Amino acid sequence: MASVIAIVFLGLSVAQWSQFLLGGGGDNIGVDYILYRDAAARWVQGAGFYLPHQLAGPYVIAHGDVLYPPPILVLLLPFLVLPAVLWWAIPLGITLAMVLAYRPSGPAWLAIAVCLWFPITGVKILHGNPGLWFMAAIALGTRWAWPSALVLLKPTVAPFALIGIRRRGWWLGLAGLAAVSMLFLPMWPDYITDLRNSQTEGGILYNLNEYPMLAIPAFAWLGRRRQAPGVDPDRR
């Protein structure tokens, strides 16, 4: 029964995404990708990663405002030269491969289908939101633990970073993230100022609508029929 309902929700997702594209949503494909790629280019040119108004005083968060900590540049900088299609192909490919490797149960497929049906999921994917990469990190984290620690680059979705925290690899990932963060030490005061100035109605929960997309690999992992190749559930 769960599998049948899952198929229904997947069908609704396809219809919803098609309606979004045909209704003019296609004009916004890649807007988030372009935003962050341009922010990285701006930083390379010496103009600053965060916009002047973000550092000048309180402001209401709007499209164009960068809210990620400085180490996100490690992800963004390669895409100044890499083909844009890889921004989607890599994280979606990783997530799909891990989901299929776990062979989720019927109820797990239902949960995944509902996450895909959730309207913001389609918007985040089509816009090329960096959340795609955190979804992939979560997917890899269910197997190797350390990639989950990278989710801390987006503090508002930090609960997903706890996947694998009991394993040694997770702490190695955290140490690696801390080391990379030190490379951007001069930028951290601007980031702190940006966070202090930014205002939104949802507060720290303003990214809550992104949780369904990020939960897709987690549901596959929790509802797995078998372990993915090479997984040792008792490894720490």
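Arg 103 is partly exposed, with a relative accessible area of 44%; partly exposed lies between buried (under 20% relative accessible area) and exposed (over 50%), with a 1.4 Å probe and protein chains only. Arg 103 sits in the loop between α5 and α6. The model is predicted: local features need pLDDT of at least 70, side-chain atom pairs count only at pLDDT 80 or more, and totals for chains, interfaces and linings use all residues. Residues are numbered from 1 along each chain as its sequence is written, and side-chain values use heavy atoms, with hydrogens and water left out.

**Overall make-up**

- The protein has 11 helices and two strands. Helices (H or I, at least four residues) and strands (E, at least two) are DSSP runs, numbered from the N terminus.
- From the N terminus on, the order is α-α-α-β-α-α-α-α-α-α-α-β-α.
- Of the 236 residues, 44% count as buried.
- The accessible surface comes to about 11700 Å², and 71% of it belongs to carbon and sulfur atoms. Areas come from the Shrake-Rupley method with a 1.4 Å probe; for residues, only the protein chains shown count as cover.
- Take contacts between residues at least 6 apart in sequence: 77% of them join residues at least 24 apart. Contact means heavy atoms within 4.5 Å.

**Helix α5**

- Helix α5 covers residues 85-102, which is 18 residues.
- At 1.5 Å a residue, α5 should span 26 Å, and its end C-alpha atoms are 26 Å apart, so the two agree. The expected span is 1.5 Å times one less than the number of residues.
- Buried residues in α5 are Trp 87, Trp 88, Pro 91, Thr 95, Met 98, Val 99, Ala 101 and Tyr 102.
- These buried residues pack against α2 (31-44), α4 (73-76), α6 (106-117), α7 (119-127), α8 and α11 (211-222).

**Positive phi in loops**

- Arg 103 follows α5. Its phi is near 45°, a positive value in a residue other than glycine.
- Ala 145 also has a positive phi, near 70°, and is not glycine.
- Ala 145 lies in the loop between α8 and α9 (168-183).
- At 0% relative accessibility, Ala 145 counts as buried.

**Thr 142 in helix α8**

- Thr 142 belongs to helix α8 (residues 131-144).
- Its relative accessibility is 3%, so Thr 142 counts as buried.
- Leaving aside neighbours within four places in sequence, Thr 142 is in contact with Met 98, Tyr 102, Ser 148, Ile 163, Arg 167, Pro 217 and Trp 221.
- Among these partners, Met 98 and Tyr 102 are buried residues of α5.
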